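Colleague: I have this model open and would like to learn how to read it. Could you walk me through a few features?

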Amino acid sequence: MHFVFISALLLSFKVSSQTLNVKGTVLSEESGQPIPGVTVIIKGTTTGTFTDFNGLYTINAALDNVLVFSYVGLEEVELAVTKPIHNILMKENLTGLDEIVVVGYGTAKKRELTGAISSVKSKDINKTVTSDFATAIQGRMAGVSVRQGNAAPGENANITIRGITSFQDGGSGPLYVVDGVTYIENPNITPQEIESIEVLKDGASAAIYGSRASGGVILITTKKGKEGQMKVSLDSYYGVQNITSGLPLANTLEALYINDLQYRYDENVNYPDNYPNPLDQNPDGLEYNTDWMNLLQVDLAPIQNHSLNVNGGKNGLTYSVIGTFFNQTGALINSEYKKQSLRSNTGFKKGKFTIQANLSTNFSEQKREPYGIIYDAIRLQPYRPPFDITSDVFQTNLDNDDQNTQRISNFAGKLKQESSNKINNFNANIQLAYEIVEGLTARANIGRSFYNKKDRFFQPSFQVLSGNGEINLGASNLNAQLRLGDATSTRSIDEFTLNYTKIFKKHNFKFLIGNTYESSKYEFYRTGANNITSNFTPVLGNGDPIVGTQTINKTESISYIGRINYNYNWKYFLSLVVRRDGSSNFGNQKFGTFPSISAGWTFSNEPFFKNLKNTVSMAKLRLGYGNTGSDRIPPYGYSPIVIANVDYILGEQPNLISGMTQPGYVDPNLKWETNISKNIGLDFKFKGGKAGLEIDLYEQNKKDMLLAITTPISAGSTPVNGETYDRFLTNIGDLRNRGVEVSAHYNHKFGPVGLKFSGNFTKNKNTVVSLSREGEIIFDGYPNIIRVNQNEPVAVLEAGLPVGAFKVYQTDGTVKTDQELEIYQLLDANARKGDLRYVDTDGNGELNNNDKVYKGSYQPDFEIGFNVDANYKNFDFSVQFYGVSGNTIYNGQKQYAYSTKRHRDLVNSWSDENPTSNIPTPRSSIEHPNVNTATDYFLEDGSFLRLRNIILGYSLQNNLLDKIGIENFRVYINAQNAITWTNYSGFDPEVGSSNPFNGGLDRGNYPVTATYSAGISITF
């Protein structure tokens, strides 16, 4: 008996320690195909192997050993050894490299990408309370800069990818592609309709779009249905907005003191015996402290959005229908935006045939705040009484102060202006695919779009009465004016491609050839009437009609594309792309060719990397070189303009004869802007995708930049009918962008708490390499929109500097003493103590453009984005930060407040009692050198860090939802733009413009608001 027991024990020990030759096949659960390169390791050891090309593995392991199967992009599998053969099924983990991403004219797995492509999903897009998807992606992707230069309701943010790439207004924007249909401008798609956004950042990935991709490409994929049970989802939020910053303006007592300083040192005034005292015309002025800026603002302005999505599918048919209503009241008076949109995406697949039909329509109405209204509020003094802005009659007691009466009337009149537009937009495209033979598919994409915008401006009449009840004709507006505009745009796109995919042994090929044809037509009409008889009936027939105008533009383009993608054993990758484009926007040089080549090497799949696979799951090197172009110029820019109805006097006995003239010049040899892009990238995944790191270094050289330049007076350009023709479009120079991008993420679970940290860093250096003539400097960028003719430009194009760099007079404090004044009057004979002291940088005793120096750029040294997502049981939490550093802003509002003697700083300006101050003394002249726009005095550091979003959500437990037939029920609260850390003294440091000369000018921009909202998401 004892012998039997001992024998059994020894046999058991022998069996348990027996080493087996374990083998099997690793297959994809989704496709059933073998997976090569899967890591197979005995848990707790470094012993391991890889699957071969057929997914087969062999490893020596003991019974009860645990095998760990891991592969980037797939969920990790652990299996205890119980027999010699174990076949494994692995599921896709869509946070990994097998995630499908959209590329030009197709899709690809993330692990086979060789270009620089970033992606963001709908989950992150919908965290932002906005109608503009561009605002929603701010700070979420390296290399993608988003600036909300105008935060008015309905306005879209400006997007640039890897720096400024054009000298023209709007020329640096990306190309947008929505479900295969291209758009030159932001398509204004509702964020709730978007499934994912991919951004093609380098020339290698964007070259497939050729002539319009020099600013990068944004690919937008809208939500599609999936086969299965029908689902109904409701997403709704409601919030309020507030302006949380402002310009420091003087109150009544401070304004009176500034007025005293102004005239105390005015040699043309008998101070203190007889000087203009505001209280003489405002005897009750001390009773008021009117905050005119606050009169413009709407406290707790509401914002709301409601979206309903129905989706599902069966037997090859899928559908998704999304309806959205958005309404935002602006934080500034008279501004509002309403939008209703509907999108239907329907797909059908049967055998070798696939069809996808996408339809979308939206209607929006935008009301705009009066133009330049912030400037009007700045210049009004606080000791004047407020008034009822809803009235048609304003009464003032300023009998002897016509100038300020007119200021108040202008302000009142602007508050009564009506400026709005209504937009109808319809887009449709149908995508057809048929697999001719195995691997060979023919595709067609046919799209049509219609856009109509009606704009309306009405300036009502009003009367301003003096203290005795008489009408002040200079301050009143008795001419009610109506202006109407109607713009219609139609576009068509027809694309036909052949795709061929072939896999044999370890070789994977993809081929694409095709051609595209696009056409567009734009028509615009303008009409109006003056002397509208009644403010209650502002229609054309109720006034004196004006002469109408009409504009018609037509453009066409044709393209041929080709692409070859190859990979060997998912280790070595190669992509070749070429596109040839022809555009009607050019004359003698209509065609351009744009090739690219890129390669990738997943060196983590090499044998020498085997010992690191436990830590570094994937490591990949990417190299890219590609050409893209730009045809973003007005149609017919190569063709001379001929104006009719121009009269001439001819003959010995002069007779007036009608004729025609060419008033300006053109360049018939306009050619494409070409962007030559070089990129090197490194991708890492750690611990099976638990953490990741992406690094890209790039250089982009832009050749043959297009810009409308001014002709010399001697060229004889002729103004006709009030229009000037002194500029013409030509290729003038070269531009370079160099930079580095870093993106990283880390996921970890601390017991019941799941955390994800992600961040990105972008550093771009932009340099004008050359212009058409050596030493040429082009000035532009006027920081004040009210007194344009009295502005000096502050931004330049100059070789060696960034685009739109600030080049202004340098100042060195104020003139403080008699000795300093004596010396400085050699440069400016009219100078007085308390004036700004300009620096004569070239030392020639004169001040001119040669003395202006480079004082920074609105393009930042770097941008950062940082996100934290957490979940605990049924709670979820998200916080996002966004910041920029090293950029310079011109504070145009501050300059105007100084010139109108309204800025609070002037209380501390130089005086005999404050002799060390570097704040210039207020002067009577609004054009005094103390407030000249072209100085560095009004330049400020624009760096900021913003708490972009903070969200707290709660989802009900599933066992409760199952009882009431609800799949998901979540409520949340959100604070957006709640805190901004900055030293900028204006409304908001987020200043931007599509015009590269105005990118750093704060010219009374509509400020970004803080938004606080609550929402609910339900899925049935």
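Modeller: Buried means under 20% relative accessible area, exposed over 50%, and partly exposed in between (1.4 Å probe, protein chains only).

Colleague: What is M293 in contact with, leaving aside neighbours within four places in sequence?

Modeller: Contact means heavy atoms within 4.5 Å. By that rule, M293 is in contact with L249, I374, A377, I378 and F987.

Colleague: Before I go on, what is the mean pLDDT of the protein?

Modeller: pLDDT is the predictor's confidence in each residue, from 0 to 100. The mean is 88, and 94% of the residues reach 70 or more. Over residues 1–16 the pLDDT is below 50, and that stretch has two contacts in the model beyond near neighbours in sequence. Where pLDDT is low, the predicted coordinates should not be read in detail. As for bookkeeping, residues are numbered from 1 along each chain as its sequence is written, and side-chain values use heavy atoms, with hydrogens and water left out. Local features need pLDDT of at least 70 and side-chain atom pairs count only at pLDDT 80 or more, while totals for chains, interfaces and linings use all residues.

Colleague: Now sheets. In what order do the five strands of the open sheet come?

Modeller: Strands of a sheet pair through backbone hydrogen bonds, either parallel or antiparallel. Two strands count as paired if DSSP finds at least two bridges between them. Here the order is β10-β15-β16-β13-β14, with mixed pairing. The edge strands, β10 (117–121) and β14 (181–183), each pair on one side only. Inside the sheet, β13 (residues 175–178) runs parallel to β16 (residues 217–222) over four bridges, and Y176 stands opposite I218 in β16.

Colleague: And the open sheet of three strands, what is its order?

Modeller: That one reads β4-β1-β7, again with mixed pairing. β1 (residues 19–28) and β4 pair in the antiparallel sense over seven bridges, and N21 has N60 in β4 as its bridge partner.

Colleague: Let's finish with side chains. Is N764 buried or exposed?

Modeller: N764 lies in strand β38 (residues 753–770) and counts as buried because its relative accessibility is 16%. A polar contact is a pair of N or O atoms within 3.5 Å; within protein, one must be able to donate a hydrogen and the other to accept it, and residues adjacent in sequence count only if both atoms are side-chain atoms. The N764 side chain has such a contact with that of Y698 at 2.7 Å and with that of N737 at 3.0 Å.

Colleague: Which side chain makes a polar contact with the side chain of E418?

Modeller: R456, at 2.8 Å. E418 sits in strand β23 (residues 418–437) and is partly exposed, with a relative accessible area of 36%.

Key:
Helix = DSSP H or I, 4+ residues; strand = E, 2+ residues; numbered from the N terminus.
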